[in-house]
Amino acid sequence: MDGIDVALIETDGETHVERGSAHEYAYDSAFRGRLARGLVDALVITKRDERPLGLAELEIELTGRHADAVRKFLNENKLKTSDIDIIGFHGQTVLHRPERGLTVQIGDGQRLADVLGIPVVYDMRANDMMQGGQGAPLVPVYHQALAENAKRDGNSVAFVNIGGISNITFLRGNDDPIAFDTGPGNALIDQWVMANAGVPYDDGGLIASEGVVDEAIVDSCLLLPFFEKKPPKSLDRNDFTPELVAGLELSDGARTLAALTARSILAAARHLPEQPKLWIICGGGRKNRMIMEDLQSGAAKHGAAVISAEDADLDGGAMEAEAWAYLAVRSLKGLPLTFPETTGVKTPVTGGLLAKPKT
């Protein structure tokens, strides 16, 4: 909920990927607050198309902000709308309840296409869920396309995205990717420092670096049923709350939550065919020094290395935006977006809706 990531790629939706420019357009604090309230408003949703309370108005503004971001990006990169074949539009997840077959992303794909005059593929999770899948994660097929360029020397590799929640993609040889959500990412830390220090996130893990880990809390959390559950599995950002560290001092709470994020990621290896030899960390969590140090020390016990996406010549901040562009092309070609090993869908399925600009 920090802002809008825009990334440019050229791709055939299969093995050819040329990565271009990328940029993040941050939300102001007032709009972040509105998004946070939107998560509460969404709790009463029972059908995907419902927009109760303030969500209808929020969806219109969110779509407008995405249009503005695309315009700025094109201007900054001296591009015209005619240079862009397709936009992959994720929108903002406000509710994800796979056990109810329900996932809701606000953002009007048709409105975005009309405003920009560029075709838009959107709502890419829904078909997977209608076919019995978890609706997440969707990025693994893009990770697979990138893997050949990663510094893995033929070894198994795990891509980990640490966003609001964390998810993993495991790749080995020519096997299909295995992917699932591993547990908390940045969301709990963000909520904790906002509630206790009035700042939106722990910049670089600085607050956590001054604290100590409450080992009893981490150990008890890792015994929760979600971590024992075999994949496929996915999370809503509200499935875990900062109440896990209630009563701790600010820095100790941040440090404990950072440790929980890292250890839950490493613990996910129990659900994989083997321990990854290389972990590539993407998303905002790669900037939290304490999370990275915990990951590196934990992986080292298994003879594995942990690196940031940038160390693999990738862009850890732009990867999800790149993935949505890649998925949009796959959607246009009718190629699968999700697989039994990533979302639990029975057979590989495509997804997404195409919105063409109205003339």
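Strand 7 (residues 157–162) and strand 10 (residues 278–282) run parallel and are joined by 5 bridges. In this pairing V157 stands opposite L278 of strand 10. The model described here is predicted.

Both strands belong to an open sheet of 5 strands, ordered 9-8-7-10-11, with mixed pairing. Strand 9 (178–184) and strand 11 (305–308) are at the edges; each has a single partner strand, so one side of each lacks a neighbour in the sheet. On average, neighbouring strands of this sheet are turned by 25° against each other, direction ignored.

## Helices on this sheet

Helix 5 (residues 140–147) lies across strand 7, strand 8 (165–171) and strand 9. Its direction is at about 50° to strand 8. Helix 10 (residues 250–267) also packs on the sheet. Helix 10 touches strands 7, 8, 9 and 10, and its direction makes about 155° with that of strand 9.

## Nonpolar cores

The largest nonpolar core has 43 residues. Within this core, W279, I281 and L295 touch the most other members. Helix 10 supplies the largest share, 8 residues.

What does L295 contact, leaving aside its neighbours within four places in sequence? The list is I162, A262, I265, L266, I281 and V306. Another core lies apart from the largest one and holds 32 residues, including M124, L138, L278 and A323.

## Helix 5 against helix 12

The axes of helix 5 and helix 12 (residues 319–332) come within 9 Å. They cross at roughly 100°. The two helices are therefore roughly perpendicular to each other.

From helix 5, the contact uses V141, Y142, H143, A145 and L146. From helix 12, M319, E322, A323, Y326, L327 and R330 meet them. By class, this contact has 8 nonpolar, 1 polar and 2 charged residues.

Strand 3 pairs with strand 6 (residues 120–122) in the parallel sense, over 3 bridges. The bridge partner of F89 in strand 6 is Y122.

Methods: Residues numbered from 1 in each chain as written. Predicted model: local features only at pLDDT ≥ 70, side-chain atom pairs only at ≥ 80, totals over all residues. Heavy atoms only, no water. Pairing = 2+ DSSP bridges. Helix = DSSP H or I, 4+ residues; strand = E, 2+ residues; numbered from the N terminus. Axes fitted to C-alpha atoms, helices over the stretch in contact; angles between N-to-C directions. Contact = heavy atoms within 4.5 Å. Core = buried A, V, L, I, M, F, W, Y, C linked by side-chain atoms within 4.5 Å. Buried < 20%, exposed > 50% of the residue type's maximum accessible area, 1.4 Å probe, protein only. Parallel < 35°, antiparallel > 145°, perpendicular 65-115°, else oblique. Nonpolar A, V, L, I, M, F, W, Y, C, P; charged D, E, K, R; others polar.
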